[in-house]
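Q: I have a new model open and would like to learn how to read it feature by feature. Could we walk through it together?

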Amino acid sequence: PQCPSPTPVAQVSQYACKRRTTTENHNKMFTDALEVLAESSEFCENEGPCLAFLRSVSVLKSLSFAVGSLKATQGLPCLGEHTKAVMEEILMFGRCFEVEKIQCDERYQALKLFTGVFGVGPKTAEKWYSRGLRSLREILTEPNIKLNKMQRAGFLYYRDISKAVSKAEAKALGRIIEETVHSIVPDAILDLTGGFRRGKEYGHDVDFLLTTPEMGKEKGLLLQGILLYCEHQDSTFDVTKMPSYRFEAMDHFQKCFMILRLAEDQVEGGLQRDLGDTRCWRGVRVDVVVPPVDRYAFTLIGWTGSRMFVRDLRRFARKERQMLFDNHALYDKTKKLFLRATTEEDVFAHLGLEYVEPWQRNA
Ligand code: CTP
Ligand code: MN
Ligand code: MN
Ligand code: MN
């Protein structure tokens with residue numbers, strides 16, 4: 001007998017921001033396979049197919065039941081022919097030949113390995129692959145490879161930062177950063193964002209938002225004393241600028257992409273560690289972004305994610321409300337007006353959307 005679904009399939013929105021997606025994924029069997037196809041498309045610079053696979057993954061993650069037959073997907077948005085063929089194969093055989101072929105592919109394996117290094121994107125990975133390089137050791141011993149500062153740190157701390165970060169480690173880092181920041185600006189505000197704010201138990205990094213109640217005090221608010229590596233970008237924010245149309249455009253606020261040293265005795269229950277690792281510390285990837293307080297709500301939504309949730313929030317704003325939304329601002333094109341917001345609820349209300357809790361944004 002089929003499991004009844006609380007949300008009828010016909011009511012699932014094409015917009016991720018109108019769906020509620022917890023960390024509980026009832027369709028992991030399908031989404032794991034489709035994520036491989038998305039990644040493989042990305043490596044081939046096929047942006048369209050990549051996004052199509054990611055959209056179907058996101059829809060499947062939002063379902064409160066496990067799909068047991070193709071018939072159960074009738075009426076669901078975003079599921080293309082290719083996705084349905086993959087799902088059908090998995091339903092019949094428990095696996096998908098195309099996915100397994102990709103996972104065995106030398107190029108896919110190398111690009112996945114290379115892009116797993118902090119500071120290495122698909123373009124650099126492709127360059128190394130086409131030069132015949134296949135392993136991290138080969139990259140480090142190849143004399144003609146020039147690594148930038150970020151990539152050097154990525155290799156130096158590779159083992160640490162490819163290890164998952166636990167919620168306890170994230171909380172410990174929050175306390176440490178808060179203490180450091182408070183010694184500079186006593187009333188500074190620090191919030192945990194990213195995957196941990198969405199309720200995930202583990203992450204690949206820890207994301208924080210930092211600001212001060214008084215406008216301007218956030219300027220040059222630097223983090224010192226605990227950095228192993230910091231890629232610091234000063235603010236290039238222009239208050240007169242329109243929100244960006246481009247989804248992937250990086251925001252202009254002051255930010256740090258860091259690797260921090262976290263000690264064993266700073267974490268309740270201890271560190272995540274490999275067997276045989278006898279060090280009393282580990283490196284952790286941490287991002288901190290510092291918006292002025294009047295932009296905090298926009299940036300909080302942007303950095304809480306998920307990527308697909310925020311991407312669709314922007315698409316929804318543009319297509320359904322004639323508004324432009326990004327990490328800096330919300331602009332109403334009809335009224336020719338910037339809309340102000342102090343909380344995330346304000347932003348959803350401006351957009352005429354039901355509020356979605358952070359833990360329901362795992363689209
Ligand atoms: N983000 C952003 N600008 C950046 C980097 C990230 O707006 N320069 C946003 C992303 O769009 C995402 C959120 O910050 O919504 C968190 O990014 P990331 O840490 O990459 O992903 P998480 O969802 O936190 O997942 P993980 O647990 O793997 O870290
Ligand atoms: Mn459930
Ligand atoms: Mn994160
Ligand atoms: Mn991050």
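Predicted model: local features only at pLDDT ≥ 70, side-chain atom pairs only at ≥ 80, totals over all residues.

Q: Which residues come nearest to ligand 1?

A: The shell has 16 residues, and the nearest are Gly 194, Gly 195, Gly 203, His 204 and Gly 305.

Q: What about the peptide bond from Gly 305 to Ser 306, cis or trans?

A: Omega is the angle to check here. For Gly 305 to Ser 306 omega sits near -5 degrees, and the bond is cis. Ser 306 belongs to the loop between α12 and α13, two helices that each supply at least two residues of the ligand 1 shell.

Q: Let's zoom out. Which domains does the chain have?

A: The assignment gives domain 1 as 9–102, domain 2 as 106–156, and domain 3 as 165–193 + 202–240 + 252–292. The C-alpha centres of domain 2 and domain 3 are 27 Å apart.

Q: Now helix packing. How do α1 and α2 lie relative to each other, roughly parallel or roughly antiparallel?

A: Look at the crossing angle to begin with. The axes of α1 (residues 28–43) and α2 (residues 47–62) come within 8 Å and cross at roughly 160 degrees. Angles over 145 count as roughly antiparallel, so α1 and α2 are roughly antiparallel to each other. Their crossing is left-handed.

Q: Which residues of α1 and α2 meet?

A: From α1, Phe 30, Thr 31, Leu 34, Glu 35, Leu 37, Ala 38, Ser 41 and Glu 42; they meet Pro 49, Cys 50, Phe 53, Leu 54, Ser 56, Val 57, Leu 60 and Lys 61 of α2. That contact of α1 with α2 divides into 10 nonpolar, 3 polar and 3 charged residues.

Q: What angle do α1 and α3 pack at?

A: About 135 degrees, with the axes of α1 and α3 10 Å apart. That makes α1 oblique to α3. The crossing of α1 and α3 is right-handed. On the α1 side you'll find Met 29, Phe 30, Ala 33, Leu 34 and Leu 37, which meet Thr 83, Val 86, Met 87 and Ile 90 of α3. By class, the contact of α1 with α3 has 8 nonpolar residues, 1 polar and no charged.

Q: Where does Cys 78 lie?

A: In the loop between α2 and α3 (81–93). Check its backbone: phi of Cys 78 is near 70 degrees, a positive value in a residue other than glycine.

Q: One more pair, then. At what angle do the axes of α5 and α6 cross?

A: Roughly 130 degrees, with the axes of α5 (residues 106–115) and α6 (residues 122–130) coming within 9 Å. α5 and α6 are therefore oblique to each other, and the crossing is right-handed. Arg 107, Ala 110, Leu 111, Phe 114 and Thr 115 of α5 make the contact with Pro 122, Ala 125, Glu 126, Trp 128 and Tyr 129 of α6. The residues of this α5 and α6 contact are 7 nonpolar, 1 polar and 2 charged.

Key: Residues numbered from 1 in each chain as written. Chains lettered and ligands numbered in written order. Domains from an automatic or database assignment. Near = placed C-beta within 6 Å. Helix = DSSP H or I, 4+ residues; strand = E, 2+ residues; numbered from the N terminus. Axes fitted to C-alpha atoms, helices over the stretch in contact; angles between N-to-C directions. Parallel < 35°, antiparallel > 145°, perpendicular 65-115°, else oblique. Left-handed = near helix turned anticlockwise from the far one by under 90°. Contact = placed C-beta atoms within 7 Å. Nonpolar A, V, L, I, M, F, W, Y, C, P; charged D, E, K, R; others polar.
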